[in-house]
Amino acid sequence: TFIFSPRHGTKAEKMDDPVPYSEKSKWFSELLKCQERIAAERCASMVGKTYEVLVEGFTKEEDGRLTGRTDGNINIDFEGDASLIGSYIKVKVTNALNWILSGEAVI
């Protein structure tokens, strides 16, 4: 999601822009609030369920936890060691925030 701005070398560069930036910012803010709500609801609905996850690596937080993705491209962080990276494992979701899921490996 982004606010429109004409890009050099495109047809849009020569088009008039009838919407003031302040109005675009307002719409953008409303859209983000809506998306936050949708993401929070989606993540909350995943708590307690188990998913097959492709383990991608360690989290960006450098807290020793791993992160992986479901087949629906949803990230889940969980405890595990480096030997799991690159493999598929089952992860049960235990906690959800707006965009972040935490879980535990099911062995």
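Where is the place of Asn73? Asn73 sits in the loop between β2 and β3. Strands here are DSSP runs of E with at least two residues, helices are DSSP runs of H or I with at least four residues, and both are numbered from the N terminus.

This is a predicted model, in which local features need pLDDT of at least 70, side-chain atom pairs count only at pLDDT 80 or more, and totals for chains, interfaces and linings use all residues. Residues are numbered from 1 along each chain as its sequence is written, and side-chain values use heavy atoms, with hydrogens and water left out.

## Loops

Asn73 has a phi near 70°, a positive value in a residue other than glycine. Glu62 also has a positive phi, near 55°, and is not a glycine. Most residues other than glycine have a negative phi. Glu62 is placed in the loop between β1 and β2. Gly64 is found in the loop between β1 (50-58) and β2 (66-69). Leaving out residues up to four places away in sequence, Gly64 touches Phe58 and Gly80; contact means heavy atoms within 4.5 Å.

Buried means under 20% relative accessible area, exposed means over 50%, and partly exposed lies in between (1.4 Å probe, protein chains only).

| Residue | Relative accessibility | Class |
|---|---|---|
| Glu62 | 74% | exposed |
| Gly64 | 39% | partly exposed |
| Ile38 | 38% | partly exposed |
| Thr67 | 13% | buried |
| Lys24 | 11% | buried |

## Helix α1

Lys24 has its place in helix α1. The side chain of Lys24 makes a polar contact of 2.2 Å with the side chain of Asp17. A polar contact is a pair of N or O atoms within 3.5 Å; within protein, one must be able to donate a hydrogen and the other to accept it, and residues adjacent in sequence count only if both atoms are side-chain atoms. Apart from neighbours within four places in sequence, Lys24 is in contact with Ile3, Phe4, Asp17 and Val19. Lys24 and Ile85 are 61 residues apart in sequence, and their C-alpha atoms are 42 Å apart in space.

Ile38 is also found in helix α1. Ile38 and Asn98 are 60 residues apart along the chain, and 8.5 Å separates their C-alpha atoms.

## The nonpolar core

Which residues make up the largest nonpolar core? The core has 12 residues: Cys43, Met46, Val53, Val55, Leu66, Ile74, Ile76, Phe78, Ile89, Val91, Val93 and Leu101. At least two residues of this core come from each of α1 (21-46), β1, β3 (75-78) and β4 (88-96). The largest share, 3 residues, is supplied by β4. A nonpolar core is a set of buried Ala, Val, Leu, Ile, Met, Phe, Trp, Tyr and Cys residues joined through side-chain atoms within 4.5 Å.

Val53 has contacts with Gly68, Arg69, Thr70, Ile76, Phe78, Ser87, Tyr88, Ile89 and Val91, when neighbours within four places in sequence are left aside.

The largest pocket has a volume of about 210 Å³. On a 1 Å grid over the protein atoms alone, a pocket is an open set of points where a 1.4 Å probe fits, with protein on both sides within 12 Å along at least five of seven lines; lining residues have an atom within 4 Å of a point. Grid points are joined across faces, edges and corners, and the volume is the space filled by probe spheres set on the points.

Residues that line the pocket include Glu56, Thr67, Asn75, Asp77 and Trp99. Two or more lining residues come from each of β1, β2 and β3.

Thr67 lies in strand β2. The side chains of Thr67 and Asp77 are joined by a polar contact of 2.7 Å. Beyond four places in sequence, the residues that Thr67 touches include Leu54, Glu56, Phe58, Asn75 and Phe78.
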